[in-house]
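Dear colleague,

I am passing on the structure we spoke about, together with some notes on what came out of the analysis. Please keep the model open while you read.

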Amino acid sequence: MSNRERSIMSSFDFKKRTVQIGYALMLLALLALAVTMLYPFATTVFSSFKTNQEIFTFPPSLFPHQFQWSNYVEGFKYVDLIRPFINTLLLFGGNAVISLMIVSLAAFSLSQMKLPFRKGITIFIMSTLMIPSATYMIPNFLNLQSLGLIDSYWAFWLPAGASAFNIMLLRSFFDGINKELFEAGRLDGASELRCFFRLAIPMSVPVFSTLLIFAFTSTWNDWFWPSLVLTSPEKYPLATVVYRDVIQSFVMTWNVKFSVLTVIMLPPLLFFLFFQKNIMHGLNLSGVKG
């Protein structure tokens, strides 16, 4: 039997009229979805090479009549992206380290240790997933204000260690590890921390990669929380600078804005290209375990 015959639909199925119609409709739906997702990116990139008058001409055209490379030179005169980019990397690094250390220890204790009220603690953490994040934004701000952490990066790093979703994701992964492995380690005299660092962490690289991807995307896209807790403009991450100095700017023309936005789109695209395999594996892992 050929590989084509062993697929979900065999060549015999493709000869049926209803299967052909259904297959064509699915392809059209996928094509429409792809165009819908790619059109905003194509508009941003090609508009960055247009003149400002060309952007607002009717009927609109996707491709520029003549490439205006000077838009990028003018865009870098308005906005300094180097410092916000470094700030974004600092936030991502802190979020990743604290999130992995605190969340993974909490998940390991819930999964592999005999804690009192473990089931109740797990249900409580799961119940917090149902609470909209907007409802505890003000209490978080007041707590950070009372601790004197406003206008510091600790206002990001500390909340990153209390992610209920990450705890449940890691706990589900740790539940899949054979418990006899940890029992053998304990019989050999290993402490719980030694079991965690020597046994659990080496086997958890895939799920840690998933958490790093989530940390990167949330840090890169978040502009509201930094606008709320940071008061010094020199500490703003890239997303906040884009919102305040590019989107809300009345000085920059639209073609220059599109050139800045195109430059800012490049790092996530490079991140995806370099870590494409890990990202796809992480998405599959979160889908199965979640």
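Predicted model: local features only at pLDDT ≥ 70, side-chain atom pairs only at ≥ 80, totals over all residues.

Residues are numbered from 1 along each chain as its sequence is written, and side-chain values use heavy atoms, with hydrogens and water left out.

The protein is divided into domain 1 (13-67) and domain 2 (82-287), with bounds that come from an automatic or database domain assignment. Taken over C-alpha atoms, the centres of domain 1 and domain 2 are 33 Å apart. Contact (heavy atoms within 4.5 Å) involves 10 residues of domain 1 and 8 residues of domain 2. The area buried between the two domains is about 740 Å², with 76% given by carbon and sulfur atoms; buried area is the accessible area (1.4 Å probe) that two parts lose on being put together, summed over both. On the side of domain 1, T44, S48 and N52 lose the most area to domain 2, and together they make up 53% of what that side buries.

From the record, an unreviewed UniProt entry carries the annotation "domain: ABC transmembrane type-1" for residues 85-275; UniProt positions are given in the numbering used here, feature names are shortened, and annotations may be inferred rather than shown by experiment. In the model, residues 85-275 are 73% helix and 0% strand, and the end C-alpha atoms of this span lie 19 Å apart. Helices (H or I, at least four residues) and strands (E, at least two) are DSSP runs, numbered from the N terminus.

Next come the spaces. On a 1 Å grid over the protein atoms alone, a cavity is a set of points where a 1.4 Å probe fits but cannot get out, and a pocket is an open set with protein on both sides within 12 Å along at least five of seven lines, while lining residues have an atom within 4 Å of a point. Grid points are joined across faces, edges and corners, and a volume is the space filled by probe spheres set on the points.

The largest pocket holds about 1100 Å³ of space and is lined by 29 residues, with Y136, P159, A160, A162 and S163 nearest its centre. Its lining has 19 nonpolar, 9 polar and 1 charged residues, where Ala, Val, Leu, Ile, Met, Phe, Trp, Tyr, Cys and Pro count as nonpolar, Asp, Glu, Lys and Arg as charged, and the others, Gly among them, as polar.

The second largest pocket holds about 760 Å³, and of its 24 lining residues F41, W220, N221, M265 and P268 lie nearest its centre. Its lining draws at least three residues from each of domain 1 and domain 2, and α15 gives the largest share, 7 residues. By class, this lining has 21 nonpolar, 3 polar and no charged residues.

Lastly, the backbone: a cis peptide bond, with omega about 0°, joins F58 and P59, and P59 is placed in the loop between α3 (52-55) and α4. F117, in the loop between α5 and α6 (118-127), has a positive phi near 60° although F117 is a residue other than glycine.

With best wishes
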